[in-house]
Amino acid sequence: KVSRMLGIEVPAVVIEHQYVISEPIPAILERQQAGLPRLPVLRDLRASSYIRQERAGLLVGPYEEECKITEWGDAPPGWWTMDLFPDALERIEDNLIGCCEAVPALGEVGIASVVNGPTI
């Protein structure tokens, strides 16, 4: 809306972006207790994902090959506030498997939470 007020057309679509946060990983808990710095962000090209420390676990955010586009027109619907879309882990299953191969400790714990929200 702001770009239109300025006479600028910005082509953009809203896509669903999912990420998962793992349960605590013992090695990360040990690092925290030892006062060591946070782990660096890892970009896994093979699994098309980023992996970063989130509290005592890892956050995995995949770049979906076939992302889901949400048609909202000019703006989110009036009822939309801070809502999330339903989980759709089947869309990112291959990414998650690849990340577990890259970081085996990730495959040894469960998923604590899944977030599937809008992004442009």
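## Salt bridges and nonpolar core

Lys-68, at 41% relative accessibility, counts as partly exposed in this predicted model. Its salt-bridge partner is Glu-16, with the closest N and O atoms 3.6 Å apart. Glu-16 belongs to strand E1 (residues 14-22) while Lys-68 sits in the loop between E4 and strand E5 (69-70), so the pair ties together parts that are 52 residues apart in sequence. In contrast to Lys-68, which is partly exposed, Glu-16 is buried, its relative accessible area being 5%.

| Salt bridge | Closest N and O atoms |
|---|---|
| Glu-16 and Lys-68 | 3.6 Å |
| Glu-101 and Arg-46 | 3.0 Å |

Glu-101 forms a salt bridge with Arg-46. This pair also links distant parts of the chain, for Glu-101 lies in helix H3 and Arg-46 in the loop between strand E2 (42-44) and strand E3 (49-54), 55 residues apart. Arg-46 is exposed, with a relative accessible area of 60%.

The largest nonpolar core has 15 residues, of which Val-20, Ile-51, Leu-58, Val-60, Cys-99 and Leu-106 touch the most other members. Strand E4 (57-62) and helix H3 (93-102) are the elements that give two or more residues to this core. Beyond its neighbours within four places in sequence, Leu-106 is in contact with Ser-22, Ile-25, Leu-58, Val-60, Cys-99 and Cys-100.

Methods:
Residues are numbered from 1 along each chain as its sequence is written. This is a predicted model: local features need pLDDT of at least 70, side-chain atom pairs count only at pLDDT 80 or more; totals for chains, interfaces and linings use all residues. Side-chain values use heavy atoms; hydrogens and water are left out. A nonpolar core is a set of buried Ala, Val, Leu, Ile, Met, Phe, Trp, Tyr and Cys residues joined through side-chain atoms within 4.5 Å. Buried means under 20% relative accessible area, exposed over 50%, partly exposed in between (1.4 Å probe, protein chains only). Helices (H or I, at least four residues) and strands (E, at least two) are DSSP runs, numbered from the N terminus. Contact means heavy atoms within 4.5 Å. A salt bridge is a side-chain nitrogen of Lys or Arg within 4 Å of a carboxyl oxygen of Asp or Glu.
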